[in-house]
Amino acid sequence: MSGQPNTRLNDLFGLAGWSKGELARLVNRQAAAMGHPQLATDTSRVRRWIDMGEIPRDPVPRVLAALFTERLGRVVTIEDLGLVRHGRAGKRQGGGGLEHQGPDGVPWAPERTAAVLTEFTGMDLMLNRRGLVGAGAALAAGSALSSAMHDWLHTDPALAADAPRITDPLTPLHADPAGFDRYEAAPIGSQEIEELERSVEVFRAWDASRGGGLQRKAVVGQLNEVGGMLSYRHPDHLQRRLWGVAANLAVLAGWMSHDVGLEPTAQKYFVIAAHAAREGGDRPRAGEALSRAARQKIHLGAPDEALDLMKLAKSGSGDDVLPRTKAMLYTIEAWAQASLGKGQAMRRTLGEAEDLFVSDKGDVPAPSWMQMFDEADLHGMQALAYRTLAEHEPGAAVMAQHHAKQALALREGGRDRSKIFDNISMASACFIADDPEQADRYARLALSSMGANSSHRTWDRLREMYRLTGQYSGYPKIEDLRQEIKLALPRVPGKRAQA
C-alpha cells in the first residue's frame, strides 16, 4: 500500500459513475463468473484501493479491468487502473527508463510485454463480442508519448539484453496472468512461425484492398494467440521471429482500428507494436510503428504532436534503417508540415524523401512491412502533402494534381483504398485550382468505389472534399455531386456535411 491515492483508478471510477458499494458488489459477482466464488469485497476495500493506493491481489485487478472495459466501452487494462505491483506507474527509475506502461502508452518492463499484449487483445475481443467497442478516452499527446519513450527506444534493443534470464528456453515466462478465454499456450517451431508470417501477409493485403473493418477482429484474435505463444521463451532465433509477427500484427490491428475510428485503441496497438519490435531487436520496425501513430495524429488534426512522434520514429529507428524506409518517414513528416502551413519545410522534406527513395538500390531486400510503400505510395503521399498545403497556399494544388495522377497511373491491383485516397486528393486539388469539371470526374471515381470499402478514413477525407464543393454549389453538375455525397455519407454522431 503506497498510502497515496490511486489517481488512475479514481479517474476511471468517476467516469464509470458507480458508488463504492456498487463496485464492490460487481467485483464479487464478476469474480464468481470467472471462477472465483470465494472472493468477498466490501466498500471499505474499494475505498482503500482508491484512496490509499492499495493494490488488491489477483484476480481482483483482472476483474476490475473487465468491469471497467465493459462499463466504459473501451479497453481498460490493469496498467490503466494503476494496479501493477512492480513499481509505480509512470515513475522514472534511476537510469531514466520507465518501469511499465501507463494509460499514456509509456514503456513497461520487458517481461510484461507479452502479458500486456494478451490482456489488451483479450479485452478488445470481449468488447467485439458484446458490441461495445467505442472511441473512449482521448489520445495521449505526441509530446508525452515521445518524451516517455525516448530513452527506452534508444537503448540497445537486443533481445538478449532485455529478456529475463532463464535456464530452460521453453519455460513459461513469469508474467502476470492476463486476458480472458486464454488457452494453455505451448512452445512452437519454425514451421508454425512461417505460417503466422504468411497470415500477416494475407491480412495486410485484405486491409489494403477492403479497409480495416471486416478483418480487424480476426487480426486481434491472431495477435491474442501470439501473445499466448510469447508466454514461453523459445530459442532466441525463434523468439525474435515471433516478436516480429507480434509487431506486424499489432501494427495491423492499430491501423485497422484507426481505419474504423477506434482512435485510443489504435494508439495502444501502435505502442504495443513498438514494444514488440524492440523486444525482437528490430528498431526500424519500432520506428515505423510510431510513425503510424504520427499519421493518426495528423488525420485527427494534431500535426504538431505528429512532428514530435516523427522525431522519435526517425531517431529511434537506428542505423540499419533502409533508404526507402527513411523516405516513407520523411513523407509523413512532410504531411505534418503541410498541415501547419509550413510550405518551405514541406518541400525540403519531400525533396529529401525523393532522394532517399531513388538512392535505395534494392540490393538489400525490404522487410515485409515495407512492401506496401512503393513509387505509387511515394507519389500518393506527395499528393496528399501538396493538397493539404493548398489549404494555405492555393498554388500548391497544381503539384498535388501532378502527383495524384502519377500515383493513380502506378497503382497496382489490390490497392483499392489507396486509389480512393488518390482520387479524393485529385478532386480536392482540382476544386482548389478552380477546375470543377475535373474535380467532379475524380470525386465520382472515389464515390463509386467507397461502398465496397470499410475504411472510415475515406469518408473523413470525402467530408473534407465536400467542404470544397460549397463555392460551386450553383453549378448543376456539382450540385448533383453534393447531393450524392450527402446521401452516401454515413451518419456520424455530432458530425454532418458542411455546406
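Is Lys297 buried or exposed? Lys297 is buried, at 4% relative accessible area. Here buried means under 20% relative accessible area, exposed means over 50%, and partly exposed lies in between, with a 1.4 Å probe and protein chains only.

The model is predicted, so local features need pLDDT of at least 70 and side-chain atom pairs count only at pLDDT 80 or more, while totals for chains, interfaces and linings use all residues. Residues are numbered from 1 along each chain as its sequence is written, and side-chain values use heavy atoms, with hydrogens and water left out.

The topic here is salt bridges. A salt bridge is a side-chain nitrogen of Lys or Arg within 4 Å of a carboxyl oxygen of Asp or Glu. By this rule there are 26 salt bridges.

One of them joins Lys297 to Glu305, with the closest N and O atoms 2.8 Å apart. Lys297 is buried, whereas Glu305 is partly exposed, at 22%.

Another pairs the side chains of Glu333 and Lys314, at 2.6 Å from N to O. Glu333 belongs to helix 14 (residues 323-339) and Lys314 to helix 13 (residues 303-315), so this pair ties together parts that are 19 residues apart in sequence. Helices are DSSP runs of H or I with at least four residues, numbered from the N terminus. Glu333 is buried at 16% relative accessible area, and Lys314 is partly exposed at 26%.

Asp58 and Arg62 also meet through their side chains in a salt bridge, 2.8 Å from N to O. Asp58 is partly exposed, at 45% relative accessibility, and Arg62 is buried, at 14%.

Finally, salt bridges link Asp374, Asp377, Arg411, Arg415 and Asp422 in a network.

Definitions and conventions: Helices (H or I, at least four residues) and strands (E, at least two) are DSSP runs, numbered from the N terminus.
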